Amino acid sequence: MSDWTPEAGTPPVSTPEEPDLPQDGPVADAPSSEPAEPAPLGVERTPTGRAEVDALLERLADADHLPADGHTEVYEDVHRGLKDALTSLDARPAAAPGPPRPGPTPAYDNTHDHRS
């Protein structure tokens, strides 16, 4: 490493670590301040076998074509649907209509037994 510095008025010398950049005109691949266009992420979704859940997961693809500020609505809609699907798994199925079931046999009540 050298302590040498260029004299005032001496043009800078580029080194291999510092590529030459054009001094006049725009840089060809300069980053833009404009947001990038929406593009699919290409995430594969594996079917679950439950039509309701698979439809919700397919809904996630709608976010691929929306700007980032539109993703929230899609994600919240899918989240709500998946939450409802999970909640429905905890619900007991309704009783099937049919003849009434006999209840338990009442215990013998000896309060009326007057034997001596």
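Guide: A place to begin is Leu86, which lies in helix α2. Please keep in mind that this is a predicted model.

Visitor: Is Leu86 buried or exposed?
Guide: Leu86 counts as exposed, because its relative accessibility is 57% and the cut-off for exposed is over 50%.

Visitor: How far is Leu86 from Val53?
Guide: In sequence, 33 residues separate Leu86 and Val53. In space, their C-alpha atoms are 9.5 Å apart.

Visitor: And where does Val53 sit? Which residues of helix α1 are buried?
Guide: Val53 is one of the buried residues of helix α1, which spans residues 51-59. The buried residues there are Val53, Asp54, Leu56 and Leu57. They line one face of α1, because they fall within an arc of 160 degrees when the helix is viewed down its axis.

Visitor: What do the buried residues of α1 pack against?
Guide: They pack against α2, which covers residues 68-90.

Visitor: Let us turn to the whole chain. How many helices and strands are there?
Guide: The chain has two helices and zero strands.

Visitor: How much of the chain is buried?
Guide: Of the 116 residues in the chain, 9% are buried.

Visitor: And what about the accessible surface?
Guide: The accessible surface of the chain is about 11,200 Å². Carbon and sulfur atoms account for 57% of that surface.

Visitor: One last point: what share of the contacts joins residues 24 or more positions apart?
Guide: Among contacts with a separation of 6 or more, 40% are between residues 24 or more positions apart.

Technical notes
Residues numbered from 1 in each chain as written. Predicted model: local features only at pLDDT ≥ 70, side-chain atom pairs only at ≥ 80, totals over all residues. Heavy atoms only, no water. Buried < 20%, exposed > 50% of the residue type's maximum accessible area, 1.4 Å probe, protein only. Helix = DSSP H or I, 4+ residues; strand = E, 2+ residues; numbered from the N terminus. Arc of directions from axis to C-beta. Contact = heavy atoms within 4.5 Å. Areas by Shrake-Rupley, 256 points an atom, 1.4 Å probe, with all protein chains shown as cover.
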